[in-house]
Amino acid sequence: MWTDGACKGNPGPGGWGALIRWDGVEKELYGGDASTTNNRMELQAVIEGLGALKRPCAVKLHVDSAYVMNGMQKWIHGWKRNGWRTADKKPVKNADLWRELEVQVERHEVMWIWVKGHAGDPGNERADALANLGVDSVR
């Protein structure tokens, strides 16, 4: 699975995209929000991609968002321990989506793979194009 988010302005109209490949079959998903941020769309892309899986799966999840990957692998444990507050006691931004993402990740066995965005990875390039279709759908 490859996911990506896009935003034209930050905040502004945004979109998310997910490309799922399994056993020779591809599924493409996208959507958008008329007023959002890039980070929210990055999170939404992963939520929607994992949520589209009908049963628990082993997922190789390719993301170009260090924010999403670090949040799930490093920061979320401290946020939860601190009552969804950062180390400097501020409310965690996008906590609603982090909670949704955590539920989706717990359903699956997720292997996180970071890819550099806009660097020629075909799956990432397609997820980016889908995210831009999501932006176009709300403009």
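**Entry 1: helix α2.** I began with the kink in α2: the bend is about 65° and is centred on Trp-75. I noted that the model is predicted. Next I checked the length of α2. The helix covers residues 66-81, 16 residues in total. From first C-alpha to last it reaches 22 Å, close to the 22 Å expected at 1.5 Å a residue. Gly-83 follows α2 and has a positive phi, near 70°.

**Entry 2: burial in α2.** Which residues of α2 are buried? I listed Tyr-67, Val-68, Met-69, Gly-71, Met-72, Ile-76, Gly-78 and Trp-79. I also looked up what covers them. The cover includes two helices, α1 (38-51) and α3 (95-107). It also includes the strands β4 (58-63) and β5 (109-114).

**Entry 3: α2 against α3.** I took the packing of this pair next. The angle is about 100°, and the axes lie 11 Å apart. That makes α2 roughly perpendicular to α3. On the α2 side I found Tyr-67, Val-68, Gly-71, Met-72, Ile-76, Trp-79 and Lys-80 in the contact. On the α3 side they meet Trp-98, Leu-101, Glu-102 and Val-105.

**Entry 4: helix α1.** α1 has 14 residues, which should span 20 Å at 1.5 Å a residue. Its end C-alpha atoms are 20 Å apart, so the two values agree. For burial I wrote down Met-41, Glu-42, Leu-43, Gln-44, Ala-45, Val-46, Ile-47, Gly-49 and Leu-50.

**Entry 5: α1 against α3.** How far apart are the axes of α1 and α3? I read 9 Å, with a packing angle of about 30°. Angles under 35 degrees count as roughly parallel, and α1 and α3 are therefore roughly parallel to each other. The crossing is left-handed. From α1, the residues in contact are Arg-40, Leu-43, Gln-44, Val-46, Ile-47, Leu-50 and Gly-51. Their partners in α3 include Asp-96, Leu-97, Trp-98, Glu-100 and Leu-101. I also noted Gln-104, Val-105 and Arg-107 among those partners.

**Entry 6: Lys-116.** Lys-116 sits in the loop between β5 and α4 (122-138). Is Lys-116 buried or exposed? Its relative accessibility is 55%, so it counts as exposed. I then looked for contacts, leaving out residues up to four places away in sequence. Lys-116 touches Asp-64 and Asn-124. I also checked the separation from Ala-66, 50 residues away along the chain. The C-alpha atoms of Lys-116 and Ala-66 are separated by 9.6 Å.

Methods:
Residues numbered from 1 in each chain as written. Predicted model: local features only at pLDDT ≥ 70, side-chain atom pairs only at ≥ 80, totals over all residues. Heavy atoms only, no water. Helix = DSSP H or I, 4+ residues; strand = E, 2+ residues; numbered from the N terminus. Expected span 1.5 Å × (residues − 1). Bend = angle between axes of the 7 residues up to and from the residue. Buried < 20%, exposed > 50% of the residue type's maximum accessible area, 1.4 Å probe, protein only. Contact = heavy atoms within 4.5 Å. Axes fitted to C-alpha atoms, helices over the stretch in contact; angles between N-to-C directions. Parallel < 35°, antiparallel > 145°, perpendicular 65-115°, else oblique. Left-handed = near helix turned anticlockwise from the far one by under 90°.
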